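Hello,

I have a structure to hand over to you, with some notes on what turned up in it. Please open it alongside this message.

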Amino acid sequence: MPLLLLLIALFALKACEGTSFEGYKVYHVTPNTLEQAKILNAYHYEEKFDFWEESHLLGDPSDIMVAPEDRPAFERNLTRNLFDYSIVIDNVERLIQQEKIERSMTRTMLAPGQVTFSSFMRHSEHMAYLRRLAADYPNIATVEKIGESYEGRDILMLKISSGPSETSTPKPGILIDAGIHCREWIAPPVALYIIQQLVQNSANAHMYANVDWYIVPNLNPDGYEFTQSNNRLWRKNRRLTEGAQCIGTDLNRNFGYYWMHAGASQDSCSEIYAGPEAFSEPESQAIRDWVLANGENLQLYLSFHSYGEMMLYPWGYAPELPENHEDLHYVGQLAATAIDQASTINSQYRVNSSAILLYEAAGGSDDWVKAEGKVDLSYCVELPDGDAPFFFMIPARQILPAVRETFEGVKAFHAYIEENF
Ligand code: ARG
Ligand code: ZN
(Lines give C-alpha, C1' and ligand atoms only; values in the text may rest on other atoms or scores of the structure.)
(Ligands and ions follow the chains in the order given, each with its own letter.)
Protein backbone atom coordinates (compact mmCIF):
# COMPACT_ATOMS: atom_id res chain seq x y z
CA MET A 1 0.00 0.00 0.00
CA PRO A 2 2.65 2.63 0.90
CA LEU A 3 4.33 1.84 -2.41
CA LEU A 4 1.11 2.59 -4.25
CA LEU A 5 0.80 5.87 -2.36
CA LEU A 6 4.34 6.73 -3.24
CA LEU A 7 3.66 6.01 -6.89
CA ILE A 8 0.54 8.17 -6.82
CA ALA A 9 2.48 11.00 -5.15
CA LEU A 10 5.27 10.74 -7.70
CA PHE A 11 2.76 10.73 -10.51
CA ALA A 12 0.99 13.78 -9.10
CA LEU A 13 4.31 15.57 -8.76
CA LYS A 14 5.19 14.75 -12.32
CA ALA A 15 1.79 15.98 -13.48
CA CYS A 16 2.17 19.37 -11.81
CA GLU A 17 5.62 19.77 -13.17
CA GLY A 18 4.21 19.74 -16.67
CA THR A 19 6.24 19.54 -19.83
CA SER A 20 9.97 19.84 -19.41
CA PHE A 21 12.29 21.39 -21.98
CA GLU A 22 15.42 19.97 -20.42
CA GLY A 23 18.19 19.90 -22.98
CA TYR A 24 16.23 21.78 -25.64
CA LYS A 25 18.28 24.42 -27.37
CA VAL A 26 17.38 27.48 -29.40
CA TYR A 27 19.38 28.14 -32.52
CA HIS A 28 19.87 31.48 -34.15
CA VAL A 29 20.11 30.59 -37.85
CA THR A 30 20.78 33.09 -40.60
CA PRO A 31 20.20 32.17 -44.24
CA ASN A 32 22.62 33.97 -46.52
CA THR A 33 21.77 32.32 -49.82
CA LEU A 34 18.51 31.46 -51.54
CA GLU A 35 19.40 27.80 -51.21
CA GLN A 36 19.74 28.18 -47.44
CA ALA A 37 16.47 30.09 -47.24
CA LYS A 38 14.78 27.16 -48.98
CA ILE A 39 16.24 24.65 -46.56
CA LEU A 40 15.08 26.71 -43.60
CA ASN A 41 11.65 27.04 -45.10
CA ALA A 42 11.34 23.26 -45.36
CA TYR A 43 12.05 22.90 -41.62
CA HIS A 44 9.13 25.20 -40.99
CA TYR A 45 6.69 22.44 -41.97
CA GLU A 46 8.29 19.78 -39.79
CA GLU A 47 6.45 19.38 -36.54
CA LYS A 48 9.52 18.81 -34.39
CA PHE A 49 11.00 22.23 -35.09
CA ASP A 50 9.43 25.11 -33.22
CA PHE A 51 10.13 28.43 -34.91
CA TRP A 52 9.97 31.00 -32.12
CA GLU A 53 10.68 33.85 -34.43
CA GLU A 54 11.45 33.76 -38.05
CA SER A 55 12.32 35.70 -41.08
CA HIS A 56 13.05 34.44 -44.50
CA LEU A 57 14.90 37.51 -45.58
CA LEU A 58 18.45 36.77 -46.48
CA GLY A 59 20.72 37.90 -43.68
CA ASP A 60 17.93 37.88 -41.07
CA PRO A 61 18.11 35.28 -38.31
CA SER A 62 15.37 32.90 -37.18
CA ASP A 63 15.14 31.42 -33.66
CA ILE A 64 14.40 27.70 -33.77
CA MET A 65 13.91 25.42 -30.75
CA VAL A 66 15.17 21.87 -31.23
CA ALA A 67 14.73 18.83 -28.95
CA PRO A 68 17.84 17.01 -27.72
CA GLU A 69 17.19 13.93 -29.88
CA ASP A 70 16.86 16.00 -33.05
CA ARG A 71 19.92 18.14 -32.49
CA PRO A 72 22.66 15.96 -34.01
CA ALA A 73 20.91 15.65 -37.39
CA PHE A 74 19.91 19.31 -37.31
CA GLU A 75 23.43 20.52 -36.62
CA ARG A 76 24.87 18.20 -39.23
CA ASN A 77 22.52 19.63 -41.82
CA LEU A 78 23.35 23.21 -40.85
CA THR A 79 27.06 22.52 -41.10
CA ARG A 80 26.76 20.63 -44.36
CA ASN A 81 24.91 23.56 -45.89
CA LEU A 82 27.38 26.11 -44.53
CA PHE A 83 24.80 27.92 -42.41
CA ASP A 84 25.78 30.80 -40.23
CA TYR A 85 24.34 29.81 -36.83
CA SER A 86 24.79 30.05 -33.10
CA ILE A 87 23.09 28.62 -30.03
CA VAL A 88 21.26 31.37 -28.16
CA ILE A 89 19.66 29.25 -25.45
CA ASP A 90 21.67 26.35 -24.20
CA ASN A 91 18.93 24.83 -22.07
CA VAL A 92 15.39 26.13 -22.49
CA GLU A 93 14.23 24.50 -19.26
CA ARG A 94 16.70 26.56 -17.27
CA LEU A 95 15.24 29.76 -18.66
CA ILE A 96 11.74 28.57 -17.77
CA GLN A 97 12.80 27.66 -14.23
CA GLN A 98 14.48 31.03 -13.83
CA GLU A 99 11.26 32.72 -14.87
CA LYS A 100 9.31 30.60 -12.40
CA ILE A 101 11.54 31.67 -9.54
CA GLU A 102 11.23 35.30 -10.52
CA ARG A 103 7.48 34.86 -10.78
CA SER A 104 7.16 33.39 -7.31
CA MET A 105 9.08 36.38 -5.97
CA THR A 106 7.18 39.09 -7.84
CA ARG A 107 3.73 37.57 -7.55
CA THR A 108 1.49 39.78 -5.49
CA MET A 109 -1.94 38.90 -4.20
CA LEU A 110 -4.24 41.02 -6.30
CA ALA A 111 -7.34 42.42 -4.70
CA PRO A 112 -10.37 41.35 -6.75
CA GLY A 113 -10.81 43.49 -9.86
CA GLN A 114 -7.36 45.08 -9.67
CA VAL A 115 -4.72 45.19 -12.37
CA THR A 116 -0.95 44.99 -12.09
CA PHE A 117 1.97 45.45 -14.44
CA SER A 118 4.63 44.15 -12.11
CA SER A 119 3.66 40.52 -12.48
CA PHE A 120 1.79 38.36 -14.97
CA MET A 121 -1.88 37.97 -14.14
CA ARG A 122 -4.11 34.92 -14.55
CA HIS A 123 -6.98 34.87 -17.03
CA SER A 124 -9.61 35.09 -14.29
CA GLU A 125 -7.87 38.24 -13.01
CA HIS A 126 -7.93 39.80 -16.49
CA MET A 127 -11.67 39.17 -16.68
CA ALA A 128 -12.34 40.40 -13.14
CA TYR A 129 -10.58 43.66 -14.01
CA LEU A 130 -12.74 44.23 -17.09
CA ARG A 131 -15.90 43.55 -15.12
CA ARG A 132 -14.83 45.88 -12.34
CA LEU A 133 -14.13 48.71 -14.81
CA ALA A 134 -17.53 48.25 -16.41
CA ALA A 135 -19.11 48.47 -12.95
CA ASP A 136 -17.05 51.47 -11.81
CA TYR A 137 -17.12 53.48 -15.04
CA PRO A 138 -20.54 52.70 -16.53
CA ASN A 139 -20.56 55.89 -18.60
CA ILE A 140 -17.58 54.90 -20.70
CA ALA A 141 -16.82 51.22 -20.22
CA THR A 142 -19.00 48.27 -21.09
CA VAL A 143 -18.08 44.65 -21.11
CA GLU A 144 -19.31 42.21 -23.70
CA LYS A 145 -18.83 38.48 -23.78
CA ILE A 146 -17.95 37.81 -27.40
CA GLY A 147 -17.49 34.09 -26.98
CA GLU A 148 -16.32 31.22 -24.90
CA SER A 149 -13.15 29.22 -25.27
CA TYR A 150 -13.29 25.49 -25.89
CA GLU A 151 -12.84 24.76 -22.18
CA GLY A 152 -15.57 27.25 -21.33
CA ARG A 153 -13.63 30.33 -20.30
CA ASP A 154 -15.12 33.74 -21.06
CA ILE A 155 -13.72 35.77 -23.91
CA LEU A 156 -14.52 39.31 -22.89
CA MET A 157 -14.28 42.56 -24.79
CA LEU A 158 -14.18 45.95 -23.15
CA LYS A 159 -15.77 48.76 -25.13
CA ILE A 160 -14.63 52.26 -24.28
CA SER A 161 -16.76 55.03 -25.67
CA SER A 162 -18.03 58.46 -24.70
CA GLY A 163 -21.39 57.60 -26.28
CA PRO A 164 -22.99 57.62 -29.72
CA SER A 165 -21.95 60.16 -32.30
CA GLU A 166 -23.78 63.46 -32.16
CA THR A 167 -23.47 63.96 -35.89
CA SER A 168 -24.81 61.79 -38.69
CA THR A 169 -21.44 60.12 -39.22
CA PRO A 170 -20.72 57.33 -36.77
CA LYS A 171 -17.49 57.37 -34.79
CA PRO A 172 -14.51 55.42 -36.09
CA GLY A 173 -13.63 52.31 -34.11
CA ILE A 174 -10.38 50.65 -33.12
CA LEU A 175 -10.35 46.88 -32.51
CA ILE A 176 -7.53 45.36 -30.49
CA ASP A 177 -6.84 41.79 -29.45
CA ALA A 178 -4.01 40.04 -27.65
CA GLY A 179 -3.02 36.57 -26.66
CA ILE A 180 -3.87 34.63 -29.84
CA HIS A 181 -0.55 32.87 -29.24
CA CYS A 182 -0.71 32.23 -25.54
CA ARG A 183 3.00 31.83 -24.80
CA GLU A 184 3.55 35.43 -25.88
CA TRP A 185 2.87 36.64 -22.36
CA ILE A 186 3.62 40.31 -22.91
CA ALA A 187 0.61 40.72 -25.22
CA PRO A 188 -2.30 40.66 -22.71
CA PRO A 189 -0.61 43.22 -20.38
CA VAL A 190 -0.21 45.54 -23.37
CA ALA A 191 -3.96 45.36 -24.04
CA LEU A 192 -4.76 45.80 -20.33
CA TYR A 193 -2.48 48.82 -20.10
CA ILE A 194 -4.25 50.47 -23.03
CA ILE A 195 -7.52 49.84 -21.20
CA GLN A 196 -6.18 51.20 -17.93
CA GLN A 197 -4.73 54.30 -19.56
CA LEU A 198 -7.93 55.07 -21.42
CA VAL A 199 -10.37 54.41 -18.60
CA GLN A 200 -8.44 55.35 -15.49
CA ASN A 201 -6.09 58.11 -16.59
CA SER A 202 -8.11 61.24 -17.21
CA ALA A 203 -5.23 62.78 -19.16
CA ASN A 204 -6.17 60.36 -21.95
CA ALA A 205 -9.91 61.04 -21.95
CA HIS A 206 -9.62 62.83 -25.30
CA MET A 207 -8.65 59.51 -26.86
CA TYR A 208 -12.17 58.16 -26.55
CA ALA A 209 -14.00 61.41 -27.19
CA ASN A 210 -14.33 60.79 -30.93
CA VAL A 211 -13.13 57.22 -31.32
CA ASP A 212 -14.63 54.01 -29.92
CA TRP A 213 -12.31 51.27 -28.62
CA TYR A 214 -13.01 47.54 -28.58
CA ILE A 215 -10.36 45.60 -26.70
CA VAL A 216 -10.08 41.83 -26.17
CA PRO A 217 -7.10 41.28 -23.86
CA ASN A 218 -7.00 37.50 -24.02
CA LEU A 219 -8.31 35.67 -27.05
CA ASN A 220 -6.86 32.27 -26.16
CA PRO A 221 -7.56 31.81 -22.44
CA ASP A 222 -7.33 27.99 -22.41
CA GLY A 223 -3.90 28.11 -23.96
CA TYR A 224 -2.86 30.91 -21.64
CA GLU A 225 -3.82 29.00 -18.51
CA PHE A 226 -2.03 25.96 -19.93
CA THR A 227 1.17 27.99 -20.27
CA GLN A 228 0.77 29.00 -16.63
CA SER A 229 0.38 25.48 -15.33
CA ASN A 230 1.66 22.87 -17.77
CA ASN A 231 3.64 23.93 -20.78
CA ARG A 232 5.20 27.35 -20.82
CA LEU A 233 5.75 27.21 -24.58
CA TRP A 234 2.25 26.29 -25.70
CA ARG A 235 1.19 28.37 -28.75
CA LYS A 236 -2.12 26.95 -29.99
CA ASN A 237 -5.57 26.65 -28.46
CA ARG A 238 -6.58 23.52 -26.50
CA ARG A 239 -9.23 21.85 -28.61
CA LEU A 240 -8.60 18.43 -30.09
CA THR A 241 -9.80 18.19 -33.67
CA GLU A 242 -11.94 15.08 -34.10
CA GLY A 243 -9.75 12.18 -35.12
CA ALA A 244 -6.56 14.20 -34.76
CA GLN A 245 -3.46 12.99 -33.00
CA CYS A 246 -2.39 16.15 -31.20
CA ILE A 247 -4.25 18.86 -29.31
CA GLY A 248 -4.53 22.44 -30.50
CA THR A 249 -5.00 24.61 -33.56
CA ASP A 250 -2.85 27.63 -34.34
CA LEU A 251 -5.55 30.30 -34.15
CA ASN A 252 -3.46 32.58 -36.34
CA ARG A 253 -3.72 30.04 -39.17
CA ASN A 254 -7.43 29.39 -38.66
CA PHE A 255 -8.96 32.60 -40.05
CA GLY A 256 -10.80 32.22 -43.32
CA TYR A 257 -8.99 34.30 -45.88
CA TYR A 258 -6.93 32.13 -48.23
CA TRP A 259 -7.00 29.54 -45.43
CA MET A 260 -4.19 26.95 -45.84
CA HIS A 261 -2.81 28.80 -48.86
CA ALA A 262 0.76 28.85 -47.49
CA GLY A 263 2.78 28.66 -44.29
CA ALA A 264 0.26 26.47 -42.51
CA SER A 265 -0.05 22.76 -41.89
CA GLN A 266 -2.66 20.01 -41.86
CA ASP A 267 -0.60 17.97 -39.38
CA SER A 268 -2.34 18.41 -36.02
CA CYS A 269 0.99 18.00 -34.22
CA SER A 270 2.50 20.97 -36.01
CA GLU A 271 2.80 24.33 -34.24
CA ILE A 272 1.21 25.89 -37.32
CA TYR A 273 -1.74 23.48 -37.61
CA ALA A 274 -4.51 25.45 -39.30
CA GLY A 275 -7.39 23.35 -37.95
CA PRO A 276 -9.73 21.05 -39.92
CA GLU A 277 -11.30 24.00 -41.72
CA ALA A 278 -11.36 27.78 -41.59
CA PHE A 279 -12.95 29.10 -38.39
CA SER A 280 -13.22 25.66 -36.86
CA GLU A 281 -12.29 27.08 -33.45
CA PRO A 282 -14.52 28.92 -30.95
CA GLU A 283 -11.84 31.55 -30.28
CA SER A 284 -11.41 32.62 -33.93
CA GLN A 285 -15.17 32.43 -34.40
CA ALA A 286 -15.62 34.89 -31.54
CA ILE A 287 -13.68 37.62 -33.36
CA ARG A 288 -15.21 36.76 -36.73
CA ASP A 289 -18.77 36.91 -35.44
CA TRP A 290 -18.23 40.13 -33.58
CA VAL A 291 -16.58 41.84 -36.56
CA LEU A 292 -19.28 40.69 -38.97
CA ALA A 293 -22.02 41.94 -36.64
CA ASN A 294 -20.42 45.14 -35.30
CA GLY A 295 -17.40 45.99 -37.39
CA GLU A 296 -18.97 48.52 -39.72
CA ASN A 297 -17.04 51.56 -38.60
CA LEU A 298 -13.79 49.96 -37.61
CA GLN A 299 -10.86 51.86 -39.06
CA LEU A 300 -7.97 50.14 -37.31
CA TYR A 301 -7.18 46.62 -36.10
CA LEU A 302 -4.20 45.74 -33.93
CA SER A 303 -3.38 42.17 -32.96
CA PHE A 304 -0.64 41.91 -30.34
CA HIS A 305 1.97 39.15 -30.54
CA SER A 306 5.57 38.74 -29.48
CA TYR A 307 8.46 38.93 -30.13
CA GLY A 308 10.65 40.67 -32.70
CA GLU A 309 9.66 44.37 -32.70
CA MET A 310 7.80 44.36 -35.97
CA MET A 311 4.82 46.29 -37.23
CA LEU A 312 3.43 43.83 -39.78
CA TYR A 313 0.69 44.58 -42.27
CA PRO A 314 -1.10 42.41 -44.86
CA TRP A 315 -0.81 40.39 -46.77
CA GLY A 316 0.47 37.43 -44.86
CA TYR A 317 -0.85 34.78 -47.25
CA ALA A 318 1.33 35.79 -50.19
CA PRO A 319 4.10 38.29 -50.92
CA GLU A 320 1.63 40.68 -52.47
CA LEU A 321 0.68 44.08 -51.24
CA PRO A 322 -2.81 45.46 -50.64
CA GLU A 323 -3.91 48.46 -52.57
CA ASN A 324 -3.44 50.84 -49.62
CA HIS A 325 0.02 49.54 -48.77
CA GLU A 326 1.51 53.03 -48.78
CA ASP A 327 -0.91 54.12 -46.08
CA LEU A 328 -0.30 50.93 -44.13
CA HIS A 329 3.40 51.51 -44.26
CA TYR A 330 3.19 55.20 -43.42
CA VAL A 331 0.88 54.77 -40.44
CA GLY A 332 2.80 51.74 -39.18
CA GLN A 333 5.97 53.77 -39.37
CA LEU A 334 4.40 56.62 -37.37
CA ALA A 335 3.59 54.20 -34.56
CA ALA A 336 6.94 52.43 -34.79
CA THR A 337 8.85 55.70 -34.54
CA ALA A 338 6.80 56.80 -31.54
CA ILE A 339 7.61 53.53 -29.78
CA ASP A 340 11.31 53.57 -30.64
CA GLN A 341 11.66 57.10 -29.37
CA ALA A 342 9.96 56.30 -26.09
CA SER A 343 11.71 53.00 -25.57
CA THR A 344 13.85 52.44 -22.49
CA ILE A 345 14.56 48.85 -23.48
CA ASN A 346 16.14 49.60 -26.88
CA SER A 347 13.19 48.65 -29.03
CA GLN A 348 13.74 49.17 -32.73
CA TYR A 349 10.75 48.33 -34.82
CA ARG A 350 10.75 47.26 -38.42
CA VAL A 351 7.71 47.96 -40.57
CA ASN A 352 6.69 45.80 -43.52
CA SER A 353 4.16 43.38 -44.92
CA SER A 354 4.37 40.09 -43.07
CA ALA A 355 4.89 37.89 -46.13
CA ILE A 356 7.73 40.14 -47.27
CA LEU A 357 9.45 40.63 -43.93
CA LEU A 358 8.71 37.22 -42.41
CA TYR A 359 7.34 34.43 -44.54
CA GLU A 360 4.10 33.56 -46.22
CA ALA A 361 1.51 32.43 -43.70
CA ALA A 362 -2.18 32.31 -44.49
CA GLY A 363 -5.07 32.25 -42.05
CA GLY A 364 -3.89 35.13 -39.87
CA SER A 365 -6.42 37.37 -38.15
CA ASP A 366 -4.86 40.49 -39.68
CA ASP A 367 -5.49 39.31 -43.26
CA TRP A 368 -9.07 38.28 -42.55
CA VAL A 369 -9.98 41.46 -40.65
CA LYS A 370 -8.65 43.52 -43.52
CA ALA A 371 -10.18 41.50 -46.37
CA GLU A 372 -13.49 40.34 -44.97
CA GLY A 373 -13.88 42.69 -42.03
CA LYS A 374 -13.10 45.59 -44.38
CA VAL A 375 -10.77 47.29 -41.95
CA ASP A 376 -8.27 49.12 -44.11
CA LEU A 377 -5.58 49.53 -41.46
CA SER A 378 -4.73 46.14 -40.01
CA TYR A 379 -1.54 45.18 -38.16
CA CYS A 380 0.04 42.31 -36.36
CA VAL A 381 2.35 43.89 -33.79
CA GLU A 382 5.31 41.78 -32.68
CA LEU A 383 6.19 43.27 -29.30
CA PRO A 384 9.69 43.39 -27.80
CA ASP A 385 11.12 40.71 -25.50
CA GLY A 386 12.92 43.06 -23.13
CA ASP A 387 16.28 44.78 -23.04
CA ALA A 388 18.10 41.49 -23.66
CA PRO A 389 16.93 38.44 -25.57
CA PHE A 390 14.35 36.96 -23.22
CA PHE A 391 12.25 35.50 -26.04
CA PHE A 392 8.78 34.64 -24.64
CA MET A 393 10.11 34.84 -21.09
CA ILE A 394 10.25 38.62 -20.74
CA PRO A 395 10.91 39.30 -17.05
CA ALA A 396 8.05 40.71 -15.01
CA ARG A 397 10.08 43.81 -14.17
CA GLN A 398 10.07 44.71 -17.87
CA ILE A 399 6.31 44.53 -18.36
CA LEU A 400 5.95 48.19 -17.46
CA PRO A 401 8.59 49.57 -19.86
CA ALA A 402 7.16 47.39 -22.64
CA VAL A 403 3.53 48.37 -22.13
CA ARG A 404 4.39 52.04 -21.69
CA GLU A 405 6.33 52.37 -24.90
CA THR A 406 3.67 50.44 -26.81
CA PHE A 407 1.05 52.87 -25.57
CA GLU A 408 3.04 55.66 -27.26
CA GLY A 409 2.56 53.77 -30.52
CA VAL A 410 -1.14 53.39 -29.81
CA LYS A 411 -1.36 57.16 -29.29
CA ALA A 412 0.20 57.68 -32.72
CA PHE A 413 -2.32 55.29 -34.30
CA HIS A 414 -5.14 57.06 -32.51
CA ALA A 415 -3.98 60.51 -33.64
CA TYR A 416 -3.97 59.33 -37.23
CA ILE A 417 -7.47 57.83 -36.97
CA GLU A 418 -8.83 60.92 -35.27
CA GLU A 419 -7.44 63.20 -37.97
CA ASN A 420 -8.36 61.11 -40.96
CA PHE A 421 -11.78 59.62 -40.21
N1 ARG B 1 4.34 35.55 -36.00
C2 ARG B 1 3.01 35.67 -36.52
C3 ARG B 1 2.47 34.30 -36.85
O4 ARG B 1 3.22 33.46 -37.25
C5 ARG B 1 2.99 36.57 -37.69
C6 ARG B 1 1.67 36.68 -38.38
C7 ARG B 1 1.66 37.69 -39.45
N8 ARG B 1 0.42 37.71 -40.16
C9 ARG B 1 0.08 36.82 -41.09
N10 ARG B 1 -1.09 36.90 -41.62
N11 ARG B 1 0.90 35.91 -41.51
O12 ARG B 1 1.31 34.03 -36.68
ZN1 ZN C 1 2.29 35.16 -32.27
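Below are the findings, taken region by region.

One thing to keep in mind throughout is that this is a predicted model.

**The sheet**

I began with an open sheet of 4 strands, in which the order is S2-S3-S1-S4 and the pairing is antiparallel. Strand S2 (50-53) and S4 are at its edges with a single partner strand each, so one side of each has no neighbour in the sheet. On average, neighbouring strands here are turned by 35° against each other, direction ignored.

**Helix H3**

Helix H3 (residues 71-80) is hardly covered, as the count of buried residues among its 10 residues is 0. After H3 comes Leu 82, with a positive phi near 55°.

What does Ile 215 touch, once its neighbours within four places in sequence are left aside? Its contacts are Met 157, Leu 158, Ile 176, Ala 191, Ile 194 and Ile 195.

Helix H6 also holds Pro 188. Pro 188 counts as buried because 25 other C-beta atoms lie within 10 Å, where 20 or more are needed. Not counting residues up to four places away in sequence, Pro 188 touches His 126, Ala 178, Gly 179, Pro 217 and Asn 218. For a sense of distance, Pro 188 and Tyr 258 are 70 residues apart along the chain, and their C-alpha atoms are separated by 27 Å.

**Gly 308**

Gly 308 sits in the loop between strand S9 (298-306) and strand S10 (310-313). Is this glycine buried or exposed? Gly 308 is buried, since 20 other C-beta atoms lie within 10 Å, and 20 or more is the cut-off for that label. With residues up to four places away in sequence left out, Gly 308 touches Glu 53 and Glu 382. Gly 308 and Ala 42 are 266 residues apart in sequence, with 22 Å between them in space, C-alpha to C-alpha.

**Ligand 1**

Finally, the ligand site. The residues around ligand 1 are Asn 252, His 305, Leu 312, Gly 316, Ser 354, Leu 358, Ala 361, Gly 364, Asp 366, Asp 367 and Cys 380. By class, this shell around ligand 1 is made up of 4 nonpolar, 5 polar and 2 charged residues.

Happy to go through any of this with you.

Best wishes

Key
Residues are numbered from 1 along each chain as its sequence is written. Chains are lettered from A and ligands numbered from 1 in the order in which they are written. This is a predicted model: local features need pLDDT of at least 70, side-chain atom pairs count only at pLDDT 80 or more; totals for chains, interfaces and linings use all residues. A residue is near a molecule or strand if its C-beta atom, placed from the backbone, lies within 6 Å of it. Ala, Val, Leu, Ile, Met, Phe, Trp, Tyr, Cys and Pro count as nonpolar, Asp, Glu, Lys and Arg as charged, and the others, Gly among them, as polar. Two strands pair if DSSP finds at least two bridges between them. Helices (H or I, at least four residues) and strands (E, at least two) are DSSP runs, numbered from the N terminus. Axes are lines fitted to C-alpha atoms, for helices over the stretch in contact, and angles run from 0 to 180 degrees between N-to-C directions. Two residues are in contact if their C-beta atoms, placed from the backbone, lie within 7 Å. A residue is buried if 20 or more other C-beta atoms lie within 10 Å of its own, exposed if 12 or fewer, and partly exposed in between; C-beta atoms are placed from the backbone.
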